[in-house]
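Student: I would like to learn how to read the features of a model such as this one, with the cut-offs stated as we go. Could we look at it together?

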Amino acid sequence: MGVEALDRAGRSDRLHGRWMGLLAMLTLMVPLFLFGELLVDGLPALNADFLLRAPTDAGLGGGIGPVLVSTLWVLAVCLGVVLPLGLGCALFLVEHVRAGSRLERALQLTLDILGGVPSIVFGLFGNRFFAVELGLGFSILSGGLTLACMVLPLFIRAAEQSLRQCPTGYRRAAAALALSRWGFVRRILLPTAAPGIALGVVLASGRALAETAVLLFTAGYVTRWPGSWFDSGRTLAVHIYDLAMNVSGGSTNAAASALVLLVLAIGIQTLAVALGRISRGASG
């Protein structure tokens with residue numbers, strides 16, 4: 001009886017293992033289908049002219065040169081605000097707020113609520129505050145600052161969790177060596193948490209690159225080359241949305257633009273992960 005029970009348990013474990021393996025394979029096939037479809041639809045339109053020229057005929061002709069530049073500028077404004085502000089907030093939570101205190105719970109609850117606010121609400125806020133009240137108008141600066149407000153809670157929570165993973169033994173060793181708090185943060189805490197902070201950058205960048213609703217209300221819609229941060233500009237995500245939904249026959253250029261956006265996201269992810277590993281390795 002005992003042997004039969006062990007056999008049944010073994011068969012059940014093997015069956016569940018196969019099912020889980022099948023589910024894992026199906027999950028891995030999703031990005032393969034995604035890449036395959038984009039390559040089939042968009043690769044014929046992708047060339048150097050497409051990357052360098054301005055769109056013509058509502059995006060059916062020309063390329064995505066100014067759209068790509070506007071996307072990079074909006075992302076630079078967003079990350080330029082998010083990285084110092086978010087890292088400072090995460091360090092404050094970890095180093096200066098007592099664990100389990102009311103202040104910590106209130107701050108974390110606020111971040112979680114902000115992280116769940118729909119992007120269209122951030123778009124309305126950014127339009128009212130940055131574009132109207134501060135007089136920035138429909139501009140790359142308005143779009144980048146509004147995106148920063150939207151992804152800031154996501155980055156702070158990711159950085160906070162990474163900073164909290166630092167072993168307590170490191171703190172004791174720093175105290176034994178009479179390191180100041182800033183010395184511990186600079187020499188030990190930040191390098192140790194660098195891979196997790198890099199992951200936060202990847203998540204924030206990915207959400208910022210994919211956003212359309214926020215930018216329709218703040219950065220604008222024009223496809224001309226931006227001359228300054230105060231010019232309006234269209235990002236890749238908005239351009240893809242417009243080609244796919246509003247322009248008849250624009251699916252090929254939309255797929256090519258999506259390929260460029262995907263390569264840009266993967267490039268940022270690779271760079272962030274590499275910098276995180278270098279920072280951690282330099283501290284070792």
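Student: Which residues are linked in a network of salt bridges?

Tutor: Side chains of opposite charge can pair when their charged atoms come close. A salt bridge here is a side-chain nitrogen of Lys or Arg within 4 Å of a carboxyl oxygen of Asp or Glu. By that criterion E104, D112, R157, E160 and R164 form the network, and the structure holds 8 salt bridges. Before we go further, please keep in mind that this is a predicted model, in which local features need pLDDT of at least 70 and side-chain atom pairs count only at pLDDT 80 or more, whereas totals for chains, interfaces and linings use all residues. Residues are numbered from 1 along each chain as its sequence is written, and side-chain values use heavy atoms, with hydrogens and water left out.

Student: What is the confidence of the chain, and where is it lowest and highest?

Tutor: The quantity to read is pLDDT, the predictor's confidence in each residue, from 0 to 100. The chain averages 88, and 98% of the residues score at least 70. Confidence is lowest in α7, at a mean of 83, and highest in α3, at 94.

Student: Which parts of the chain do E104 and R164 tie together?

Tutor: Their side chains meet in a salt bridge with an N to O distance of 2.8 Å. E104 lies in helix α4 (residues 102–115) and R164 in helix α6 (residues 140–164), so the pair ties together parts that are 60 residues apart in sequence. As for accessibility, buried means under 20% relative accessible area, exposed over 50%, and partly exposed in between, with a 1.4 Å probe and protein chains only. E104 therefore counts as buried at 7%, while R164, at 31%, is partly exposed.

Student: How far apart are the closest N and O atoms of R157 and D112?

Tutor: They are 3.1 Å apart in the salt bridge of this pair, which links helix α6 at R157 to helix α4 at D112, 45 residues apart. Both R157, at 22%, and D112, at 42%, are partly exposed.

Student: Where do E95 and R171 lie?

Tutor: The salt bridge of E95 with R171 has its closest N and O atoms 2.7 Å apart, and it links E95 in helix α3 (residues 65–95) with R171 in helix α7 (residues 168–176), 76 residues apart. E95 is buried, at 11%, whereas R171 is partly exposed, at 31%.

Student: Why is α6 described as largely enclosed, and where does its kink lie?

Tutor: Of the 25 residues of α6, 18 are buried, so the helix is largely enclosed by the rest of the structure. The bend at a residue is the angle between axes fitted to the seven residues ending there and the seven starting there; in α6 a kink of about 45° lies at V151, shortly before the proline P153.

Student: What share of the 284 residues in the chain is buried?

Tutor: Buried residues make up 39% of them.

Note on methods
Helix = DSSP H or I, 4+ residues; strand = E, 2+ residues; numbered from the N terminus.
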